[in-house]
Amino acid sequence: MQPVSFWLPLPPSLNSAYGGGSGQRRFKSAKAKTWERQAALMVPSVKIKCPVCVTYKVFFPDKRARDISNYEKLTTDLMVNKGLLPDDDHNWIRRMVIEWGGYDKSNPRIEISIDEA
């Protein structure tokens with residue numbers, strides 16, 4: 001498999017991506033749906049068919065403290081929904097790295113690199 005690299009706009013934090021909770025039915029927020037529609041156009045149309053290692057590099061717009069792991073889930077789910085990855089379980093994603101990339105006020109983003117495991 002050829003390595004796949006691309007970037008997406010920074011997704012909303014997982015904490016703000018869903019409404020409901022505490023026994024209620026959870027639903028995607030308007031912010032998450034808007035991000036998903038925009039980012040879906042940027043996912044490569046490749047179909048990966050082998051176990052992979054995924055690296056996420058997160059660039060924030062400012063210096064507020066954030067939990068970088070909250071930006072992976074929507075990104076991974078989008079890659080599965082668009083058919084780039086068959087699934088996000090351990091059979092397909094063998095290693096996942098989430099790293100801080102720095103600050104970029106003009107282009108907050110998440111850069112994704114996918115390599116064969």
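Which pattern does the protein follow, read along the sequence? The order is β-α-β-β-α-β-α-β-β. This amounts to 3 helices and 6 strands; helices (H or I, at least four residues) and strands (E, at least two) are DSSP runs numbered from the N terminus. The model is predicted: local features need pLDDT of at least 70, side-chain atom pairs count only at pLDDT 80 or more, and totals for chains, interfaces and linings use all residues. Residues are numbered from 1 along each chain as its sequence is written, and side-chain values use heavy atoms, with hydrogens and water left out.

Along the principal axes, the C-alpha atoms fill a box of roughly 40 × 35 × 25 Å. Of the 117 residues, 37% count as buried (under 20% relative accessible area; exposed is over 50%, partly exposed in between; 1.4 Å probe, protein chains only). Contacts are heavy atoms within 4.5 Å. Among those with a separation of 6 or more, 82% join residues 24 or more positions apart.

The loop between β4 (52-60) and α3 (73-81) holds glutamate 72. Glutamate 72 is buried but has no salt bridge (a side-chain nitrogen of Lys or Arg within 4 Å of a carboxyl oxygen of Asp or Glu). Its nearest side chain of opposite charge, lysine 73, lies 5.7 Å away; Lys and Arg count as positive, Asp and Glu as negative, while His and the chain ends are not counted. The side chain of glutamate 72 makes a polar contact with that of threonine 76, at 2.6 Å. Such a contact is a pair of N or O atoms within 3.5 Å; within protein, one must be able to donate a hydrogen and the other to accept it, and residues adjacent in sequence count only if both atoms are side-chain atoms. Leaving aside neighbours within four places in sequence, glutamate 72 touches Tyr56, Met96 and Ile98.

Glycine 83 follows α3 and has a positive phi, near 85°. Lysine 63 also sits in the loop between β4 and α3. Lysine 63 is exposed, at 69% relative accessible area.

The structure holds 0 disulfides (cysteine sulfur pairs within 2.5 Å). The sulfur of cysteine 50 has its closest cysteine sulfur in cysteine 53, 9.5 Å away, too far for a bond. Cysteine 50 is buried at 14% relative accessibility, and cysteine 53 is buried at 11%.
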